[in-house]
Amino acid sequence: MTSNIQQLMAELNGFIAQDGVNDAEKQWAQQQTTDPDLRQALKQLSTADIKLITQLTLAPATHAKDLPIPTGLSQATVSRGLTKLAKLALAEKFRSLQNNKEVLVRLTTKGQAIAQLHTQLDDALAAQITTIAADYTPAELARFTTLMRRIREIKP
């Protein structure tokens, strides 16, 4: 394996390791609120849970069956995540008035507060990334983005 590939893999592994149970992003979000319920809920959220919360902010109510594609999560992961969010009182499930078989989901006030914290974090990270990216040309950034996508698509 070439040195460049080893360095790239080391950086990717470091990036992946940042997404742990008590990662810096969760710690940052917990520091932004004094609400003990929000702090406790944040400790229990996974990256998949945050993806669901983010998607649920886009509409007042969302069909549960429509969440896998935009989140990139499997139907089973979405189902488990929605159950977890409901248990943490971050989202609520309810039946459609038009079709009782359809499950709709919406964020609770507590879920909206977590979504707002996540938006603040994304904005802060985007500002930092913009500063770093200023050292590269648009073509270099596009090429790097393509490289990262292709690496992500590798299936063992």
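The model is predicted, so local features need pLDDT of at least 70 and side-chain atom pairs count only at pLDDT 80 or more, while totals for chains, interfaces and linings use all residues. Residues are numbered from 1 along each chain as its sequence is written, and side-chain values use heavy atoms, with hydrogens and water left out. Helices (H or I, at least four residues) and strands (E, at least two) are DSSP runs numbered from the N terminus.

From α4, Ile50, Ile53 and Thr54 meet Gly111, Ile114, Ala115 and His118 of α7, where contact means heavy atoms within 4.5 Å. Sorted by class, this contact holds 4 nonpolar, 3 polar and no charged residues. In that scheme Ala, Val, Leu, Ile, Met, Phe, Trp, Tyr, Cys and Pro count as nonpolar, Asp, Glu, Lys and Arg as charged, and the others, Gly among them, as polar.

Ile50, placed in helix α4, is buried at a relative accessible area of 19%; buried means under 20%, exposed over 50% and partly exposed in between, using a 1.4 Å probe and protein chains only. Although 65 residues separate Ile50 from Ala115 along the chain, their C-alpha atoms are 7.9 Å apart. Beyond four places in sequence, Ile50 touches Leu45 and His118. His118, in helix α7, touches Ile50 and Thr54 when residues up to four places away are not counted. The C-alpha of His118 is also 9.2 Å from that of Lys26, 92 residues away in sequence.

Helix α7 itself has 25 residues and reaches 35 Å from its first C-alpha to its last, close to the 36 Å expected at 1.5 Å a residue; the expected span is 1.5 Å times one less than the number of residues. Its buried residues are Gly111, Ile114, Ala115, Leu117, His118, Leu121 and Ala133, and they pack against α2 (24–31), α3, α4, β3 and α8 (138–152).

The largest nonpolar core has 24 residues, and those with the most contacts inside it are Leu45, Ile53, Leu56, Leu82, Leu85, Leu90 and Ile114. Such a core is a set of buried Ala, Val, Leu, Ile, Met, Phe, Trp, Tyr and Cys residues joined through side-chain atoms within 4.5 Å. Two or more of its residues come from each of α3 (36–44), α4 (47–56), α6 (75–87), β3 (103–107) and α7 (109–133), with α4 giving the largest share, 5 residues. Leaving aside neighbours within four places in sequence, Leu90 contacts Ala41, Leu45, Ile53, Leu85, Leu107, Thr108, Lys110, Gly111 and Ile114.

Another helix pair is formed by α2 and α3, whose axes come within 9 Å and cross at roughly 170°. This makes α2 roughly antiparallel to α3. Here Lys26, Ala29 and Gln30 of α2 meet Arg39, Leu42 and Lys43 of α3, a contact with 2 nonpolar, 1 polar and 3 charged residues.

Methods:
Axes fitted to C-alpha atoms, helices over the stretch in contact; angles between N-to-C directions. Parallel < 35°, antiparallel > 145°, perpendicular 65-115°, else oblique.
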